[in-house]
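This briefing presents selected features of one protein model, grouped by topic. Please keep the sequence and the structure in view while reading.

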Amino acid sequence: MTLGEALISLLEAYGVDTVFGIPGVHTIELYRGLARSKIRHVTPRHEQGAGFMADGYARVSGKPGVALLITGPGVANAITPMAQARADSIPMLVISGVNQSATLGKGFGYLHELPDQHGMMAKVALSSERVTDVEALAAALARAFDIFSSGRPGPVHIEIPLDVMASEAGPMPSLPAMAKAPEPRADMIAEAVRLADAAKAPLIIAGGGAKHAGAPLELLAEKLDAPVVLTINGRGLMHRHPLVVPASPSLWATRRLMAEADLVIGVGTEFGQTDFDLNAVGGFEMPTNLIRIDIDSEQLARRPATLTIQADSADALRALAVAVQPAGVRGGAGRAEATRVAAFEEIGAEMQEQLRLVETIRDTLPGSIIVGDSTQPVYAANLYYDHDRPGGWFNGSCGFGALGYGPAAAIGAAIARPDTAIVCPCGDGGFQFTLPELGAAVEARANVIFVIWNNSGYREIETSMRGAGVEPVGVSPAPPDFLKIAGAYGIAAERLAGSDGLAEALRRARATAAPYLIEITVD
């Protein structure tokens, strides 16, 4: 067995069932044995698409997304999706080739040569390792999966020199037991219970790190009678619950709710700018009495807090919910309702109208997963939107903010959940970033419904330019005829003048059980 074959066997042993990649002359040996394995290979049209697909797959499947990439331009093209995955704590394993061991760092001008590929990847990945034999490969994979299972996940990179790929692997080492997340300390839980029991107006803020902890989150909120504010990646938790506030902490209405709380419990949120000061207007202040729950000790050290609990959010919330005393009525539902009303009013009539497009998707296709790109309806919903399933609303306009994320990530999500409706709202500008991935959707039988909001340009950027007194330049890239392009790929498509008729179009799209494109033209 070659080391390339050993790689496939080890990935199978870790439960990997899908990889995304574009083979090249520098990864042929990594593909040896792939055709005989149970692992499915999905071919995007660009390495950036491979990374975004791996991201969407990971968010929906709960397993790491895996990408196989060539040396040099392949890994360079994947830096953007890796940075998006790092910003949103998404487990992504990027395995690449690198030039012959004896040539590295010499500048001989070999194909795909970089001065220091390993160093470049180490800047964006949580870790980057170069392997020299099967033992080193097994150890690198073990460390990667330990990161995914026990800490704050993100992208991990492993590179294999060309001469090592084809070398004889030797005996396969056994897989070690994967590391587990730290358990919440009993003394920290006891102190958190003391603070919670003493509070008169507690508040919970739940982020993406809590999306798997819906049941204990709801139980704790009800026992404390505490409103629960959801960040963008936390949307879908406690859908339509009287205590839930599905509104951005950037809104003044939500900030008032936070300021009036005498205890804030922040769960699985980094208190980042794209959630807490989206428009960069300032004015957000960290709570003075704050309990933070996070799996990552480094994250906990970045913001001041009264008490920090390092643990998986579900474990910590469960321990708290069991230990706290029922508080009785503290007016939590009334505070939440008042904030919801004020926040919805605050976003204004234009964004309320754009929000209705997203709500139409949710109400027409209940339980769907909506994978958005940077476009006006997505911006509106990021400010205020209540999705109907945890983890079913995510997009690339927060965190790293990669334009063109949505279409490819939606394909990855559809591969992970082929029986679930996957809808991708995307602007005409962002869709052109990853337009060729329509071909990958057809080939992979990824039944994504692409909903293109076509306002003939980058309207949010144009608005920002005008607001800053800058005459708009470069904000009107001419869109193609999307219906003709869809037809060229064999994808059924239709065009709507405005969002009227969207519900019927979504039903037609879902009935086809195939990729489908709906273009909405707006003035």
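Val 25 lies in the loop between strand 1 (18–21) and strand 2 (40–42); helices (H or I, at least four residues) and strands (E, at least two) are DSSP runs, numbered from the N terminus. The model is predicted, so local features need pLDDT of at least 70 and side-chain atom pairs count only at pLDDT 80 or more, while totals for chains, interfaces and linings use all residues. Residues are numbered from 1 along each chain as its sequence is written, and side-chain values use heavy atoms, with hydrogens and water left out.

**A surface patch**

- Val 25 counts as exposed because its relative accessibility is 58%; buried means under 20% relative accessible area, exposed over 50%, and partly exposed in between (1.4 Å probe, protein chains only).
- Together with Ile 28 and Leu 111, Val 25 forms a nonpolar surface patch with about 310 Å² of accessible area.
- Patches are made of residues with over 30% relative accessible area and no salt bridge, where like charges are joined within 9 Å and nonpolar side chains (Val, Leu, Ile, Met, Phe, Trp, Tyr) within 5 Å.
- Accessible areas come from the Shrake-Rupley method with a 1.4 Å probe, and for residues only the protein chains shown count as cover.

**Nonpolar cores**

- The largest nonpolar core has 52 residues, and Val 371, Phe 431, Val 448 and Phe 450 have the most contacts inside it.
- Helix 16 (residues 405–416) supplies the largest share of this core, 9 residues.
- A second, separate core of 46 residues includes Ile 232, Ala 261, Leu 506 and Tyr 516.
- A nonpolar core is a set of buried Ala, Val, Leu, Ile, Met, Phe, Trp, Tyr and Cys residues joined through side-chain atoms within 4.5 Å.

**A buried charge**

- Asp 275 is found in helix 11 (residues 273–276).
- Asp 275 is buried yet has no salt bridge, and the nearest side chain of opposite charge, Arg 235, is 6.1 Å away.
- A salt bridge is a side-chain nitrogen of Lys or Arg within 4 Å of a carboxyl oxygen of Asp or Glu; Lys and Arg count as positive and Asp and Glu as negative, whereas His and the chain ends are not counted.

**Positive phi angles**

- Most residues other than glycine have a negative phi.
- Arg 445 has a positive phi, near 55°, and is located in the loop between helix 18 (437–443) and strand 16 (448–454).
- Ala 513 also has a positive phi, of about 55°, and counts as exposed because its relative accessibility is 53%.
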